[in-house]
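Look at the sequence and the 3D structure below. The paragraphs that follow go through the helices and their contacts.

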Amino acid sequence: MSTSETGASGQNEASRRIDASVRAELNRLRESIDNIDAAVVHMLAERFKATQQVGRLKADHQLPPADPARETRQITRLRQLAQSANLDPAFAEKLLNFIIAEVIRHHERIAEEAGNGGASATATDV
C-alpha cells in the first residue's frame, strides 16, 4: 500500500472515530471558512479592478507609478485595523505587501503597454 493510501486510510479511520456532533461542528466551521475564502477572493478581485483603473489613469497621464508615502500610510492604517480586529499586524502587513507587489506588476505592465516604460516602478497606489 502506498504512503498516500495509508494516509487516506488513516484519515478515514480517524474520521470514523470522531463523534457525530464534533463532525457536524467541524463541517459547519469549515463551511464558514469556505464562505469567507470566497468573499476574500471576490473582495480582492474588486480591489484589483480599482487598482487597474488607477494604473490606466497614471499611464494615460504619464504619472509616476510610485507613491511611497501612500504605501506607508496604507501599511500603517492596515496594521491599526488588524490590531483592532485582533489579527497579527505583522501578518496583515505581509499580506498587504504581497498584494502591493502584484499591483506593482500590473501597473508596470499597463505603463509598458501605454508606452510609458514602468520597468523601474517600485511602489504604487495600494
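In what order do the elements of the protein run from the N terminus on? They run α-α-α-α. The model is predicted, and it has four helices and zero strands. Of the 126 residues in the protein, 22% are buried. Among the contacts with a separation of 6 or more, 59% join residues 24 or more positions apart.

Start with H2, which covers residues 20-60. This helix has 41 residues, and the distance from its first C-alpha to its last is 60 Å. That is close to the 60 Å expected at 1.5 Å a residue. Just after H2 comes Gln62, which takes a positive phi of about 50°.

Which residues of H2 are buried? They are Phe48, Thr51, Gln52, Gly55, Lys58 and Ala59.

H4 runs over residues 89-113. Its 25 residues should span 36 Å at 1.5 Å a residue, and because its end C-alpha atoms are 36 Å apart, the two values agree. The buried residues of H4 are Pro89, Ala92, Leu96, Ile99, Ile100, Val103, Ile104, His106, His107, Glu108, Ile110 and Ala111. They pack against both H2 and H3. The two contacts can be taken in turn.

At what angle do H2 and H4 pack? The angle is about 40°, and the axes are 9 Å apart. Angles under 35 degrees count as roughly parallel and those from 65 to 115 as roughly perpendicular, so H2 is oblique to H4. H2 passes H4 in a right-handed crossing. On the H2 side, the residues in this contact are Leu44, Arg47, Phe48, Thr51, Gln52, Val54, Gly55, Arg56 and Ala59. They meet Leu96, Ile99, Glu102, Val103, His106, His107, Arg109, Ile110 and Ala111 in H4. Sorted by class, the contact of H2 with H4 has nine nonpolar, five polar and four charged residues.

One residue of this contact can be followed further. Arg109 lies in helix H4.

Now turn to H3, residues 68-84. H3 and H4 pack at an angle of about 140°, with axes 8 Å apart. Only angles over 145 degrees count as roughly antiparallel, so H3 is oblique to H4. The crossing of H3 and H4 is right-handed.

Which residues of H3 and H4 meet? From H3 come Glu71, Gln74, Ile75, Leu78, Arg79, Ala82 and Gln83. From H4 come Pro89, Ala90, Ala92, Glu93, Leu96, Asn97 and Ile100. The residues of this contact divide into eight nonpolar, three polar and three charged.

To put the parts together, the buried residues of H4 pack against H2 and H3. Leu96 in H4 is listed in the contact with H2 and also in the contact with H3.

Definitions and conventions:
Residues are numbered from 1 along each chain as its sequence is written. This is a predicted model: local features need pLDDT of at least 70, side-chain atom pairs count only at pLDDT 80 or more; totals for chains, interfaces and linings use all residues. Side-chain values use heavy atoms; hydrogens and water are left out. Axes are lines fitted to C-alpha atoms, for helices over the stretch in contact, and angles run from 0 to 180 degrees between N-to-C directions. Helices (H or I, at least four residues) and strands (E, at least two) are DSSP runs, numbered from the N terminus. A crossing is left-handed if the near helix is turned anticlockwise from the far one by less than a right angle, and right-handed if clockwise. Contact means heavy atoms within 4.5 Å. Ala, Val, Leu, Ile, Met, Phe, Trp, Tyr, Cys and Pro count as nonpolar, Asp, Glu, Lys and Arg as charged, and the others, Gly among them, as polar. The expected span of a helix is 1.5 Å times one less than its number of residues. Buried means under 20% relative accessible area, exposed over 50%, partly exposed in between (1.4 Å probe, protein chains only).
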